[in-house]
Amino acid sequence: MTHHGRRLFFKALLAGVAGARLLRSAPAPSTARLQFLPGGGASLLWVLTEPGSGLLSWQAGDGEWAQFEIGVRPLPPQVTGLDSELELLIARLPDLPPEANIQYRLEWNGAPAGSGTFRTPGPHGPTATFLALGDSGSQLPVQFAIAAAMEQETDADFVLHVGDMGYPAGSFTDLREAYLKPYAAQMARIPFYSCPGNHEYYTDVLRPYMKLRLGPEDQWSYYSVQHGPVHIISVDSNDPVLPDPEVNRMLPWLEQQLRDSTSFWRVVLFHHPAYTAGLHRDDPFVAIARERLASLCERYAVPLVLNGHEHFYQRTCPVKDGQSAKDGAGTTYIITGGGGAPLYPFYVHPLTAYGASAFEYLKVHIDGLRMVVKAYDQNRVELDSVEIAPAPALRDVVNAADQRPALAPGSLAVLRGFHLLPGRPVRLRCDGQPQDVIDSSAVTAQFQIPYTASSVVRIQVETPNGLAEMEAAIAPLAPALFPPDPNLVLAPGASSSLLATGLGVMAGDRHAAPAALAMACSLLPVIPQPTALPGVFRLDYTMPVDAPEGSVEIRLNAGEEWSGPVFVTVAISPAQSA
């Protein structure tokens, strides 16, 4: 059968499935669907057929039971395609404790309407297990076989879905029958995080999907959520990537998410694959995903990107700047499009590490600094396995005070990057000499530039996953002020102090370096006093008596170099005004 013939066959098959289920009567009440929310907390969603009011009772661990009324939003016929209106129940549980067992009971119109339990995720812990699939919403027997296999993965913490959840058109009925029902048992105890596929756009420009994702309040079709050690970033590779990048809202949001993430593990999901030789290789959305989305993922060293759209399984080698990269130094892209729709033929892409035209789902296990991804078929037979161990990736090094790349010998500095060591210091060297790491996280390492540093220093960072290095320019002086307490309010003539770094070799022998603070049109000499923190000095000063009320800018001068500004609020006391 030709490619064109396969596509026509697929559309006809799905049309037949859709025609067989065009029931106009309201379906039976749904089980709960669990969703953890950005910022903490959880939501439970139900779709019921009977109007009324609900009460949710819940308990965290052995704590007291709490109750509150549930918000109800109507799902009118123009949204659902049914003859009668349905009720969407949304129970939001804010500020849940981490790693807690939650029990809940639902009453609707005074009668029991369901109960269940779930466990909240922990903080940035060392382990997590999740599943992933895509292009599942066919309602064919193989979809239900995949769902049954996934349900046996009882150690999974959550599920990622990369789109095309309900064929043929992503209508409410399509999503309910092909997404909410097949995975109902899992959805009641672990959350499903999804991104929209192209078929979700075929009904009212994504409206049914948005109604059922996190609740009607959600404005955008892209979002991120922290689940244990994993920062999940769901991107919409459909319409939101089409506008000019200069005016695109989603692309700056995505870049900010990747740049500001504090997690060792970041997983990005979007529907259209960046790298494919399959039937969709000439899809313009595939080209846009490669140009606009993959480029950001690779720039910010995302370890794993999950896609769909092609109805097969494909894993790339690590990719950097669109080219093959050494292990640990690039982004691995996996197409998990074998969730239940009729399969497409698989063709090898130049970046392919493994692929097959097969029904499948993924199981991903994270243990500290390593991730193991396995693909299983509907019989839970392993098709592929790969270990991802991201090597450190360095962005820049800045002073610890104002985060500028202005460094001097002795400066307290922050190395910024990705895949450093959460929970323990990395091994760090400057010009080959080991340096003490004062504080560190998965994305930063704080240390002191050696007083012996020359005009250029080579910084090396090593973790169990690999080695990275970069060069940094060093100036004789690079004064920088730490921001003062934002709640600090001084009266004219009052005394206070600031902290500074970057005083260079002038302070290398722990003696005071000549310096002055410029404030309120005055230049006040100060004598830097060493502190217990390496490379940091205390500057005692007195606010000029003629300082104006309001925000006063302060800069530090050392030699002929100036720091960036900090600001202190000045207010005249009642006694002074009298």
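Me: What separates the mean positions of the 40 positive and 57 negative charges of the protein?

Reply: In this predicted model, the mean positions of the 40 positive and the 57 negative charges of the protein are 4 Å apart. His is not among the residues counted here, because Lys and Arg are taken as positive and Asp and Glu as negative.

Me: What describes the protein as a whole, in secondary structure and in the box that its C-alpha atoms fill?

Reply: The protein has nine helices and 41 strands, and its C-alpha atoms fill a box of roughly 85 × 60 × 45 Å along the principal axes. Of its 578 residues, 55% count as buried. The protein exposes about 23600 Å², of which carbon and sulfur atoms supply 53%. Among contacts with a separation of 6 or more, residues 24 or more positions apart account for 67%.

Me: Why is His-349 called buried?

Reply: The relative accessible area of His-349 is 16%, and the word buried is used under 20%, so His-349 is called buried. The residue belongs to the loop between β19 (332-336) and β20 (352-356). Leaving out residues up to four places away in sequence, His-349 touches Tyr-275, Thr-276, Ala-277 and Gln-314.

Me: What makes Pro-392 count as buried, and which residues is Pro-392 in contact with?

Reply: Pro-392 has a relative accessibility of 7%, and the cut-off for buried is under 20%, so Pro-392 counts as buried. This proline lies in the loop between β23 (382-388) and β24 (393-399). Apart from neighbours within four places in sequence, Pro-392 is in contact with Phe-418, His-419, Leu-420, Val-461, Thr-463, Gly-466, Leu-467 and Ala-468. For these pairs the word contact is used because heavy atoms lie within 4.5 Å.

Me: What is worth noting about phi of His-419, and why is His-419 called buried?

Reply: Phi of His-419 is about 65°, a positive value, although the residue is not a glycine. Most residues other than glycine have a negative phi. His-419 is found in the loop between β25 (412-418) and β26 (427-430). Its relative accessibility is 3%, and buried begins under 20%, so His-419 is classed as buried.

Me: What makes His-309 count as buried, and what is its phi?

Reply: His-309 lies in the loop between β15 (304-307) and β16 (313-316), with a positive phi near 75° in a residue other than glycine. Its relative accessibility of 4% is to be set against the cut-off of under 20%, and His-309 is therefore counted as buried.

Me: What kind of peptide bond joins Tyr-167 and Pro-168?

Reply: The bond between Tyr-167 and Pro-168 is cis, with omega about 5°. Most peptide bonds are trans. Pro-168 is placed in the loop between β10 and α4 (172-180).

Me: Which way do the residues of strand β10 point, and how do you know that strand β9 and β10 pair?

Reply: From strand β10 (residues 158-161), Phe-158 and Leu-160 point one way while Val-159 and His-161 point the other way, and all are buried. In a regular strand the side chains alternate between the two faces of the sheet. Strand β9 (residues 127-133) and β10 are joined in the parallel sense over four bridges, and at least two bridges are required for pairing, so β9 and β10 are said to pair. The bridge partner of Leu-133 in β10 is His-161.

Me: What makes β1 (33-36) and β5 (71-75) edge strands?

Reply: The open sheet of four strands runs in the order β1-β2-β6-β5, with antiparallel pairing. In this sheet β1 (33-36) and β5 (71-75) each pair on one side only, as edge strands do. Neighbouring strands of the sheet are turned by 25° against each other on average, direction ignored. Strands β2 (residues 42-48) and β6 (residues 86-93) pair in the antiparallel sense over seven bridges; Ser-43 has Arg-92 as its bridge partner in β6. Between Ser-43 and Pro-392 there are 349 residues in sequence and 36 Å in space, C-alpha to C-alpha.

Me: How do you know that strand β34 and strand β38 pair?

Reply: Strand β34 (residues 495-501) and strand β38 (residues 537-542) share six bridges in the antiparallel sense, and pairing requires at least two, so the two strands pair. The bridge partner of Ser-497 in β38 is Asp-540. These strands belong to an open sheet of four strands, ordered β32-β34-β38-β37 with antiparallel pairing, and its edge strands are β32 (480-481) and β37 (529-530), each pairing on one side only.

Technical notes
Residues numbered from 1 in each chain as written. Predicted model: local features only at pLDDT ≥ 70, side-chain atom pairs only at ≥ 80, totals over all residues. Heavy atoms only, no water. Buried < 20%, exposed > 50% of the residue type's maximum accessible area, 1.4 Å probe, protein only. Axes fitted to C-alpha atoms, helices over the stretch in contact; angles between N-to-C directions. Areas by Shrake-Rupley, 256 points an atom, 1.4 Å probe, with all protein chains shown as cover. Charge placed at Lys NZ, Arg CZ, Asp CG, Glu CD.
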